[in-house]
Amino acid sequence: MARVRAERVDERGIATVDADGRWTSTMAADAFGGEGMVAEIELPRGDLARVLHEATRDDADYRFGDRITALRQRPRRVEV
């Protein structure tokens, strides 16, 4: 989780604007004690994929460039 937090987008809050581009309202990311609607951790998909791959590559078998064509449920596993 520390690595995910280090990669997150620097989100400072949200703002709504009118048709002329003027701010009509704002909400800081730390509103509501940091538990408001902009409190989620957000990062680009590629960054998330890299972080997850780096964290699991020693324990998981990755096959890039392949695609799933069928799934078969077995008693103790799923065949892909």
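1. pLDDT is the predictor's confidence in each residue, from 0 to 100. The protein chain averages 87, and 92% of its residues score at least 70. Helix α1 (residues 2–7) has the lowest mean among the elements, 85, while strand β3 (residues 72–73) has the highest, 97. Where pLDDT is low, the predicted coordinates should not be read in detail.

2. This is a predicted model: local features need pLDDT of at least 70, side-chain atom pairs count only at 80 or more, and totals for chains, interfaces and linings use all residues. Residues are numbered from 1 along each chain as its sequence is written, and side-chain values use heavy atoms, leaving out hydrogens and water.

3. The chain holds two helices and four strands. Their order along the sequence is α-β-β-α-β-β. These are DSSP runs, numbered from the N terminus: helices are H or I, at least four residues, and strands are E, at least two.

4. The C-alpha trace spans about 55 × 30 × 25 Å along its principal axes. Buried residues (under 20% relative accessible area; exposed is over 50%, partly exposed in between; 1.4 Å probe, protein chains only) make up 10% of the 80 residues.

5. Ile14 sits in strand β1 (residues 13–17). Ile14 is partly exposed, at 33% relative accessible area. Ala29 is 15 residues from Ile14 in sequence, yet their C-alpha atoms are 7.5 Å apart.

6. Leu71 lies in the loop between α2 (45–56) and β3. Its relative accessible area is 59%, so Leu71 counts as exposed.
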